[in-house]
Protein chains: 2
Amino acid sequence: MNYRLGIDIGATSAKIALVSGVSRIVEEASVPTAGFPKPGELAAAMSDASRRIVRGRRVTKVGVGVAGDIDSARGIVRIGPNLGWKNVPLKKLLQARLRWPVVVDNDAKAAAWGLYNTQIPKRIRHLIVMTLGTGVGGGIILDGKLHRGATGSAGEVGHMNIAADGPPCNCGLRGCLETYVGGPHLVKRVRRDLERGQKSRLRRIFLEDQDAITPLEIAQAAKKGDAYALSVWRGVGEALGVAIGDLIYILNPQMICFTGGIAQARNLFLDPLRAKLRERTFRTPVGAVEFRIAEQAAHIGVVGASLL
Amino acid sequence: MNYRLGIDIGATSAKIALVSGVSRIVEEASVPTAGFPKPGELAAAMSDASRRIVRGRRVTKVGVGVAGDIDSARGIVRIGPNLGWKNVPLKKLLQARLRWPVVVDNDAKAAAWGLYNTQIPKRIRHLIVMTLGTGVGGGIILDGKLHRGATGSAGEVGHMNIAADGPPCNCGLRGCLETYVGGPHLVKRVRRDLERGQKSRLRRIFLEDQDAITPLEIAQAAKKGDAYALSVWRGVGEALGVAIGDLIYILNPQMICFTGGIAQARNLFLDPLRAKLRERTFRTPVGAVEFRIAEQAAHIGVVGASLL
């Protein structure tokens, strides 16, 4: 029996899983990552934990997903914002300790690849996965292969331009897709509007505790018919519609799959998204796209990494 | 010796060439296409002209480029705006007469494929070709292959969103890339500004003959230092910069190659384009892109078609 190791390095912990078949998780471990760990020390801790769950079984490869700008060809974390890393040769560090072949890639790409291999029908060869959460990330599968591009940076759909005069983005520009869809941006906008006296059933929550305003609360208010909350989700759908209209014209995918916390509000943003797409002239590529919401799968990060 | 036939169907004529090697044109012919020709009649005329230049030589395949929405897998012209065609089975019509294997694709894709095979260094595997002319078209080569997508519609970069409140586009939306870059749009804007009293050395030409305002005249005025004309080309570069910034984030190409009439004004739009890209945060993919202007090659359409 052959096994693969999947490692998903997040901002608070690195999840490690021993995987067999496509996605069967045999054993799991976890290593803390908070507080800008030193690369060598984290690599040692992950290697020790890996060996403990492997216990002498045959491992064919190790796949690692990390948030940031990754040089997948050389296994280097060029920029890992959560870890405070710059130009860390993670593949080399792990391979020296584990002696199995190691592949390192961006975590959104790993998750996209995991979804493609576990949840998406076989007939789909051109897929865009959009992760809608705190940020907006992406993974692009073309012709059945994960598209990495010249420097492994492809798929950064969260920073597509929606409006040059839009809200300021963490990236320094204005009006990126993420500023219309990312959770913290939604919360910030709603709080500001409520502060300015916006009428909404969110008002009571806000007056009790500002921090209680979350994407989930905004979604629940919308589901109860709150006009203001509905307009917030309409904004999400329309911004997605602009970006996805461009993506369809550029790439002509068969399917777009949403994952992440914000994606759970599908019933609130899919209709305005579709209305926005109906404005586009070229019917054939627009009509060819199916939308899907990924099943929530806590392990998609490690499974995807193990499949890299 | 083996030969290929390339056919480039334009709005006024279909150019036909017998090609050997990668791009050596052995013989040429041309057939008029103006005035919405009947599909059967045009197919017959193109087949007759093809047989005349082939004169019994061994042809391995026929490649055809047509403007419009093409179902390349089945060889159907779904929409051919220049020809007034809808759902024309061009592959079938030609194959019945010529008895050689026929491939039909969008003309911008054929030209992109031709450029990739004749002008682009072998190390380039991820390329975006942008045709800047009357319209703005595109061809995307990823991993050394022409990317067609689910319905053969990929590469429509001319209708990417630049600004929701931008100039009206032929496609029915506002603010598409084409409205900032396409020749007729530039001319229209300049005429309108001159009408409203805009100071510029283009003014004298305009007052003599409105129709003498062309992209070439606007470029020549800019080259002479005319501040207004320079601002027009800055607008071209900035709009290209927004769209190309998105394309780089999405696809992470190694090279972007411009072709078409407007591309000849490279010295006027490349600097503002690069300035716009420098605003983007992710340095690695932006720094990885080379820009190139295609050598003007009158035959790239037929050569590209023959290589499909």
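1. In chain A, 61% of the contacts with a separation of 6 or more join residues 24 or more positions apart. Contact here means heavy atoms within 4.5 Å. The model is predicted: local features need pLDDT of at least 70, side-chain atom pairs count only at pLDDT 80 or more, and totals for chains, interfaces and linings use all residues. Residues are numbered from 1 along each chain as its sequence is written, and side-chain values use heavy atoms, without hydrogens and water.

2. Overall form. The C-alpha trace spans about 60 × 50 × 35 Å along its principal axes.

3. Burial. Of the 308 residues in chain A, 57% are buried (under 20% relative accessible area, 1.4 Å probe, protein chains only).

4. Nonpolar cores. The largest has 108 residues, and A:Phe258 and B:Phe258 have the most contacts inside it. A core is a set of buried Ala, Val, Leu, Ile, Met, Phe, Trp, Tyr and Cys residues joined through side-chain atoms within 4.5 Å. A second, separate core of 30 residues includes B:Ala14, B:Ala29, B:Val54 and B:Leu83.

5. Around B:Phe258. Leaving aside neighbours within four places in sequence, B:Phe258 contacts residues including B:Met130, B:Leu240, B:Phe269, B:Phe291 and B:Arg292.

Notes: Chains lettered and ligands numbered in written order. Buried < 20%, exposed > 50% of the residue type's maximum accessible area, 1.4 Å probe, protein only.
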